[in-house]
Amino acid sequence: MPSASPADSRPQAAAGATATIAVLLVAAFVVILNETVLNVALPHIMSDMHVSATTVQWVTTSFMLTMAVVIPTTGFLLQRFSTRTVFALAMGSFSLGTLMAALTPSFGVLIAARVVQAFGSAIMLPLLMTTILMLVPKERRGVVMGNVSIVISVAPALGPTLSGVILAHFPWRTIFWFVLPISLLALVIGLVRLKDVSERGTLKLDLLSVALSVVGFGSLVQGLSAVGSAGSAGTGEGSWLSSTAGGVTVLTLGVVLVALFVWRQLTLQKRDEPFLDMRTFRYRDFTVSVAVLALGMMTLFGGVIVLPLYLQTGRGLDTLETGLILLPGGLVMGLLGPLVGRLFDAWGPRPLAAPGAAVLVLVMLGFSRLQTDTPVWWIVTLQIAMSVGLAFIFTPAFTAGLNPLPPHLYSHGSATLSTLQQVAGGAGTALLVGVLQAGTVVTTAADGSTVTDSIPGVHAAFVTAAAIAVVVLVLTFFMRRGEPTELSHAEADAAA
């Protein structure tokens, strides 16, 4: 291991470092925008390709599963290959998948295109975070991570609104033609401007780890998704895999295989050859911050999953109206990122994250009192307040969690954090949608018709989200700034 951090050996004000991070930010914005931009188009795809609602969900499910499978491998990729090579692999795959989707002649090709897209998307965010840790000194990481929060927050918020506008005038394939030139431009600029900033090692590819990771994390996310989807549908329709029983079975398999994956990494660590290094959890600040981020992601899904269901089923709004209501919160969250980052550099995480979590608790309790006649302006106000609270949680947690890691664990820490975000998102969806469905009241009217009242379920789901937010609030009091360390593996083991 080198005796000095790359952050110490490179001029931080150099134009090359700024250009590298800027290129990666633009690329990450494009790939994260792609995650939500297609959701509104699903009914159009059903009509055009003559597929059922159960089948069309694989457009998003295949993307999510591929992300869950690929992200754990990024720690290995970032240590074995140069920054430029990994970027070319990520954006090249994403651009190829986008072109395939734009030209797709059938639903099967569309699914394949989404898998290729997701492969590139999964690599991009860990690559961005690892590069920032390599290039940016500790005292400026807060504000740079704040810029990352713009990508993470604004891109998903813009997706449904952007696709709604496009679909109002053009066919659904136009969405991919809109994204493709931007991704190709980012690819070309990256190939010209990016320099290698990674610490390349000689890790061997452990095939057993790859197999356990692919099947384990894929089953975990698919199981969580199936449980949540079955709860949302409230019926036994569809395949066994999409049923509650099937989801629980696959989820159980995923838990077992992920446990075996962790055991395998602990075994490989004795030879200093882990596929995904678990020694990141021996750094207290990383562990606390990851817990805050994971539970924060679960709470976030109270806003991005349950709230749209309430607006569309309880209020009868269409997808474009729903997207416009959710848009201000996402924009506010992103715009606050750089400010929160600067405050983090000055104050540290606790003075920001604790008030943010307190706001989150109050907002979830406010959502738990929604009715069918609640004014839209109040819903928008609560949504914006939720975004403000999350902005004051996520940027400090990202930075404080990755700060204490030594350079040889940067890529593994970024991969671990991104993986747990995906799993937490699936868990949040399954839990809150399941609670919503369990609380929904179905009655029979005098004329024999069925009347469904989802409001009690909405209340129960948001109370559950508020309880999770309380745990987040408690954890924020244990957060610290996280001082960078240069400990070797042996020294980290001894300290632990």
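Among contacts (heavy atoms within 4.5 Å) between residues at least 6 apart in sequence, 83% join residues at least 24 apart. This is a predicted model: local features need pLDDT of at least 70, side-chain atom pairs count only at pLDDT 80 or more, and totals for chains, interfaces and linings use all residues. Residues are numbered from 1 along each chain as its sequence is written, and side-chain values use heavy atoms, with hydrogens and water left out.

The protein has 19 helices and two strands. These are DSSP runs, helices being H or I of at least four residues and strands E of at least two, numbered from the N terminus. Of the 496 residues, 56% are buried, meaning under 20% relative accessible area with a 1.4 Å probe, protein chains only.

Helix α15 (residues 350-367) packs against helix α16 (residues 376-402) at about 150°, with axes 8 Å apart. Axes are lines fitted to C-alpha atoms over the stretch in contact, and angles run from 0 to 180 degrees between N-to-C directions. The pair is therefore roughly antiparallel, a label for angles over 145 degrees. Residues of α15 in the contact include L352, A353 and F367; those of α16 include I379, L382 and P396. The contact residues divide into 16 nonpolar, four polar and no charged. Gly counts as polar here; Ala, Val, Leu, Ile, Met, Phe, Trp, Tyr, Cys and Pro as nonpolar; Asp, Glu, Lys and Arg as charged.

Finally, look at I468 in helix α18 (residues 455-476). I468 counts as buried because its relative accessibility is 11%. Leaving aside residues up to four places away in sequence, I468 touches L295, M298, T299 and L431. I468 and T299 are 169 residues apart in sequence, yet 6.5 Å apart in space, C-alpha to C-alpha.

Technical notes:
Buried < 20%, exposed > 50% of the residue type's maximum accessible area, 1.4 Å probe, protein only. Parallel < 35°, antiparallel > 145°, perpendicular 65-115°, else oblique.
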